[in-house]
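Subject: Structure handover

Hello,

Here is the structure I promised you. Please open it first, then read my notes below.

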Amino acid sequence: MKKRIGFLSVMLAMWVISFSQYAELYPTNWYTGMKWNKVQVLVRGTHEGFNKEKVRIQYPGVTLTGVHPFENGKYLALDLTVAPAAKPGNVRIEFIAGNQTHSVTWPLKARREGKGKTFAQGVTSADFIYFLMPDRFSNGDPSNDRIAGLRDQRLNRDSIFHRHGGDLQGVIDHLDYLQQLGVTALWMTPVLQNDMPDRTEHGYAFTDHYKIEPRLGGEAAYKKLSEALHQRGMKLIQDAVYNHVGSYHFFVKDPPAKDWLHQWPSFTQTSYKDQPLFDPYAARSDAKKTADGWFTREMPDLNQQNPYVANFLIQHAIWCVEEFGVDGWRIDTYLYNDLAFMNRCNKALTDEYPNMTLFGEVWVHGVINQAYFAENRLAVPFKSNLQGVVDFQSLFYGIQPALNEKFGWTEGVNKLYNTLSNDLIYTDPSRNVIFLDNHDMTRFFSTVNEDVSKMKMGLGWLFTCRGIPQLYYGTEVLMKGIANPDGWVRLDFPGGWKGDRKNAFTGEGLTDTEKQVQQYVRTLANFRKGSSALRTGKFMHYLPQDGLYVYFRYDAEQTVMCILNTGDTEKKLNLTDYAERTHGFNRGRDVVTGTILPDSFSVPAKKITILELLK
């Protein structure tokens, strides 16, 4: 009898394996009570001729309204309608070929608690974003450093291009540090599975939309991180990539249709030029190359004008927010996407989650160029609905020249003034994300030639200017590096691995200067957290004079005065010189030192002084 039971158990196990492998469904599940209740499920079978099989669904509240075969015989697309009255459960989808029937289960889940109120909260100018690469931040679980079966098995902290073993548990382990630093929102490089042969540390060439990278801890760790952030009143930002996938994605290795990707007679890379997309004199061929050219050979370009591709990507975005409790959406390589598709996708997210905020990477040169891709006041045929952008202009043509160039009629800090004066072109410039550096560019400490005074001026500007401040991991402890190649700006955060001699989490091994700058960030960020003027107040600035740039953040409750002296000499000033904003105030409290300054005072060379004005 025992032998018979054992034989039946083995047969049942084999049947379950066969059952689960018969077809893959994308999205892998859906939810009850969603506005997006007409779901298009991409089904990937295991054999040619799968697209000719009949499909049957019997589940209360779920209706099959359409079946679409693809030219690749392994694929079908199913149009499903989930009625408002449908209950959570396992939807049984049957595939019928002749007298054989195979069943696949498609879970229909209840919506996440809060329904967009305790998550999908949005990231606003009241927040402070910390941006990190999980593989380079902290190794909290060494057991997932290597995962059998994945192509990239290299693990070497001595190489700037190999994996180092950082993971989501490492991030969870150091949320105390981030919260004490003043961080309210966390943005990480992509966490989706990246089964490429090499350069998998950054995550931007992922190979499976519906799996979280197992070397980061997988789905369980991502949910754990999301919950831990929300328990602390912090927010989660996901890095979204619509434009391309990794070359080992099944979209590339075995596409459902020939037009799933943008195809060219020979390899054609994007020109990386944004102008042809809005230039009234542009050649159409230039615009096509910008939008449809591949990002790199390893990152093929998705054809978002294919309606099935578009639905796949939009549903995946909604699924991520609902499944993992995402609050904000950073969109990679925004301008290379089909912009009409992006408008549709952005709207789908905000229709489902009204408080959700989205900002896009628009690495261009020129305020008009940048504003074109966001909500703007331009009278142009195409109008973007993207709420905000990563503000490269205030960096490249703002704070960098302000600190590194001599003052002149159009040079030095006048460039920062001029760039911000062009904010009239945005619908809401406070939604732009301002920053000093990131994973693709030279670290700011290196940009200012390791001048600590300039570094602190840059940080002071970051926490007081309009917009949403974002800090790249390690900037607070003077991590440096030239982005040639990019691996040098993606080094490990000190203290994230056992045995590290320097530990920025505890302060052990840091130099006095590194500790000082770290505390400077902590002080400013936490002051900002409680400052209504800096979080949501208005912005006013005065024309720079001899390297001195004065600006204010203010509302009915508070006025903050910022004096950026980029010159080589001390500058004297009086509050009455700025009476339009200082009327009624006769002194100020230095928010860093706590010192009370009278109405007349001096600002040392190469320093920013930040004052909360007092009566």
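Start with helix 11, residues 392-404. This helix is mostly covered, with 11 of its 13 residues buried (under 20% relative accessible area with a 1.4 Å probe, protein chains only; exposed is over 50%, partly exposed in between). Among the buried ones are Phe392, Leu395, Phe396, Ile399 and Leu403. Helices here are DSSP runs of H or I, at least four residues; strands are runs of E, at least two; both are numbered from the N terminus. Aspartate 391 caps the N-terminal end of helix 11. Its side-chain oxygen lies 3.3 Å from the backbone nitrogen of glutamine 393.

A word on the source: this is a predicted model, where local features need pLDDT of at least 70 and side-chain atom pairs need 80 or more, while totals for chains, interfaces and linings use all residues. Residues are numbered from 1 along each chain as its sequence is written, and side-chain values use heavy atoms, without hydrogens and water.

Next, lysine 571 in strand 22 (residues 571-574). What is the nearest side chain of opposite charge to lysine 571? It is aspartate 546, 4.0 Å away. Lysine 571 is buried yet has no salt bridge (a side-chain nitrogen of Lys or Arg within 4 Å of a carboxyl oxygen of Asp or Glu). For charge, Lys and Arg count as positive and Asp and Glu as negative; His and the chain ends are not counted. Lysine 571 also touches residues including Leu548, Asn565 and Phe601, leaving out those up to four places away in sequence (contact means heavy atoms within 4.5 Å).

Best wishes

Methods. A polar contact is a pair of N or O atoms within 3.5 Å; within protein, one must be able to donate a hydrogen and the other to accept it, and residues adjacent in sequence count only if both atoms are side-chain atoms.
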